[in-house]
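Hello,

Here is the model I promised to pass on.

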Amino acid sequence: MKLVVHVNAVERELDVDPLRRLLDVVRVDLGLAGTKEGCGEGECGACTVLVDGVAVNSCLVPACQVEGRHVTTIEAAGFEPERRAFLEEGAAQCGICSPGMIVMTRAFAELCRAQGRVPTLEDARVALAGNLCRCTGYGAILRAALAAAKERA
Ligand code: FES
Ligand code: FES
């Protein structure tokens, strides 16, 4: 199918199998390799991207579902609060989970800002519950997510 999709604010036209995973579209077809593949079955969050501002596991989304939509990957502009917070908190080791964590953190932070509420550490824990990390430990990650959400708020 012909697929027209806005990726990181750039309109892209692709010829893809309608069931091709969005993860493969961004990583392979568009060369945006910052989005990672972990489990490949919706369990780890490493492949998280935003579709119209909503965080999704791109390994579970077929290309046909993003026709005409706006996809945001870790390469997009505007992740400075999250990147800075993860750096300052030392919230990464191997880095495989980090793009997904940062994208999910942005979705969490934007939601808090839209709702006009001050986020808590428990809010951050709930928001990032679907994103798994095997090596850093969640303390630093949750502190980073909370710091970024507070900065955006
Ligand atoms: S690779 Fe998509 S959720 Fe794990
Ligand atoms: S930093 Fe290695 S899996 Fe999270």
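**Helix packing, domains and sheet**

The crossing of helices H2 and H5 is right-handed, a crossing being called right-handed if the near helix is turned clockwise from the far one by less than a right angle, and left-handed if anticlockwise. Before going on, please note that this is a predicted model, in which local features need pLDDT of at least 70 and side-chain atom pairs count only at pLDDT 80 or more, while totals for chains, interfaces and linings use all residues. Residues are numbered from 1 along each chain as its sequence is written, and chains are lettered from A and ligands numbered from 1 in the order in which they are written. Helices (H or I, at least four residues) and strands (E, at least two) are DSSP runs, numbered from the N terminus.

Back to that helix pair. The axes of H2 (residues 80–89) and H5 (residues 138–152) come within 8 Å and cross at roughly 140 degrees; axes are lines fitted to C-alpha atoms, for helices over the stretch in contact, and angles run from 0 to 180 degrees between N-to-C directions. On the H2 side the contact uses Pro-81, Glu-82, Ala-85, Phe-86 and Glu-89, which meet Ala-140, Arg-143, Ala-144, Ala-147, Ala-148, Glu-151 and Arg-152 of H5. Contact here is between residues whose C-beta atoms, placed from the backbone, lie within 7 Å. By class, seven of the residues in this contact are nonpolar, none polar and five charged. Ala, Val, Leu, Ile, Met, Phe, Trp, Tyr, Cys and Pro count as nonpolar, Asp, Glu, Lys and Arg as charged, and the others, Gly among them, as polar.

The protein is divided into domain 1 (2–72) and domain 2 (80–152), with bounds from an automatic or database domain assignment. Their C-alpha centres lie 21 Å apart. Domain 1 gives 14 residues to the contact and domain 2 gives eleven. On the domain 1 side, strands E3 (48–51) and E4 (54–57) are the elements that give two or more residues, and the largest share, three residues, comes from E3. That side divides into seven nonpolar, six polar and one charged residue.

Now the sheet. Five strands form an open sheet in the order E2-E1-E5-E3-E4, with mixed pairing; two strands pair if DSSP finds at least two bridges between them. E2 (10–15) and E4 stand at the edges with a single partner strand each, so one side of each is left without a neighbour in the sheet. Neighbouring strands are turned by 40 degrees against each other on average, direction ignored. E3 and E4 pair in the antiparallel sense over four bridges, and Val-49 has Val-56 in E4 as its bridge partner. Helix H3 (residues 98–115) packs on the sheet, touching E3 and E4, and its direction makes about 35 degrees with that of E3.

In helix H1 (residues 22–29), Leu-22, Leu-23, Val-25 and Val-26 are buried. A residue is buried if 20 or more other C-beta atoms lie within 10 Å of its own, exposed if 12 or fewer, and partly exposed in between. The buried residues of H1 pack against E1 (2–7), E2, E3 and E5 (70–72).

Lastly, some backbone angles to check. Just after H1, Gly-31 takes a positive phi of about 70 degrees. Asn-8, in the loop between E1 and E2, has a positive phi near 50 degrees. Ala-9 also has a positive phi, about 75 degrees, although it is not a glycine.

Best wishes

Notes: Two residues are in contact if their C-beta atoms, placed from the backbone, lie within 7 Å.
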